[in-house]
Amino acid sequence: MTDPSDEDALSWDGDDALAAPRRPAPLIDDRAEDGRTASGGGFALLLVGVLGGVAVIETAFWIRSAFETQIAASLTPGAGTPVEVLAFVLNLAGRVLAIAAPLVWYVVVALRVRLPSRRLALLLLGALLLVPWPAILAAA
Amino acid sequence: MPVRRGRLAPRVLVAALFLLAFGWQAFGAISNLLAWIGLATAAGGQLTATAWILLVGGIAIPVVGWIAALVVGRRRALLPLALLLLLALCVSEALSLSQYALFLGVIGAL
């Protein structure tokens with residue numbers, strides 16, 4: 001234990017002015033509400049990046065899925081009546097949403113979920129949930 | 001904290017608009033089920049249990065998707081709720097395509 005009087009002996013008036021300047025506030029505050037970093041550290045960032053790559057690959061395979069013969073054949077304007085054309089447009093929009101699903105999931109989770117463990121778990125869930133089965137089954 | 005009436009109306013409107021999209025998807029799945037039942041009957045056969053599960057699952061996907069998005073987004077603001085419903089619609093569309101591909105695989109058409 002250091003005697004407090006020794007500490008006093010090593011300090012002078014004006015010491016505070018000589019202390020190292022405080023670091024400026026970071027431009028991006030990545031602290032979660034409980035004080036931990038919201039990014040979750042280097043390994044978590046690496047996993048988020050890898051899962052982003054998985055989302056891109058899945059999107060590419062969903063594009064391929066949409067053009068598989070049997071899947072594409074189920075999307076037709078029929079005889080071209082107004083009702084059939086409307087149904088075709090709605091189903092086409094559905095296909096576009098299906099193709100966008102992996103990237104939409106990734107962007108929404110990566111940007112909106114702050115807790116690193118929850119973010120990783122949800123990204124993993126999305127990667128598993130959105131496996132492009134039509135392309136895989138057609139290739140098998 | 002309960003959602004005030006003034007803030008409830010736009011949320012109900014958004015949920016109802018998305019219900020149309022999810023409903024259209026469920027309608028397609030029901031049409032699919034009825035068409036395949038008709039085809040099986042015309043061929044003098046019946047749908048297998050696996051085919052039933054997959055076709056009924058196709059109806060359940062949009063229903064579960066819409067309800068899940070509403071449950072998760074029930075205490076959120078309008079924009080996050082709309083975002084959740086959009087995400088659920090995307091996932092629902094993808095899962096429906098997977099379900100249809102699995103069904104085609106089961107009946108040997110894929």
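From the N terminus onward, chain A of this predicted model runs α-α-α-α-α-α-α. In other words, chain A holds seven helices and zero strands. Of the 140 residues in chain A, 19% are buried. Looking at contacts in chain A with a separation of 6 or more, 64% come from residues 24 or more positions apart.

Chain A also meets a partner, chain B. The contact draws 19 residues from chain A and 17 residues from chain B. On the side of chain B that touches chain A, the elements giving two or more residues are α1 (5–42) and α3 of chain B. The biggest share comes from α3(B), which gives 13 residues. Sorted by class, this side of chain B has 13 nonpolar, three polar and one charged residues.

A helix pair can now be followed across the two chains. Two packed helices are described by the angle between their axes and the distance between the axes. Here, helix α5 (residues 82–112) of chain A packs with helix α3 (residues 78–106) of chain B at an angle of about 125°, and their axes lie 7 Å apart. Because of this angle, α5(A) is oblique to α3(B). The crossing in which α5(A) passes α3(B) is left-handed. On the α5(A) side, the contact is made by A:Gly94, A:Leu97, A:Ala98, A:Ala100, A:Ala101, A:Val104, A:Trp105 and A:Val108. From α3(B) come B:Leu83, B:Leu87, B:Leu89, B:Cys90, B:Val91, B:Glu93, B:Ala94 and B:Leu97. By class, the contact of these two helices has 14 nonpolar, one polar and one charged residues.

Terms used: Residues numbered from 1 in each chain as written. Chains lettered and ligands numbered in written order. Predicted model: local features only at pLDDT ≥ 70, side-chain atom pairs only at ≥ 80, totals over all residues. Axes fitted to C-alpha atoms, helices over the stretch in contact; angles between N-to-C directions. Helix = DSSP H or I, 4+ residues; strand = E, 2+ residues; numbered from the N terminus. Parallel < 35°, antiparallel > 145°, perpendicular 65-115°, else oblique. Left-handed = near helix turned anticlockwise from the far one by under 90°. Contact = placed C-beta atoms within 7 Å. Nonpolar A, V, L, I, M, F, W, Y, C, P; charged D, E, K, R; others polar. Buried ≥ 20, exposed ≤ 12 C-beta atoms within 10 Å, placed from the backbone.
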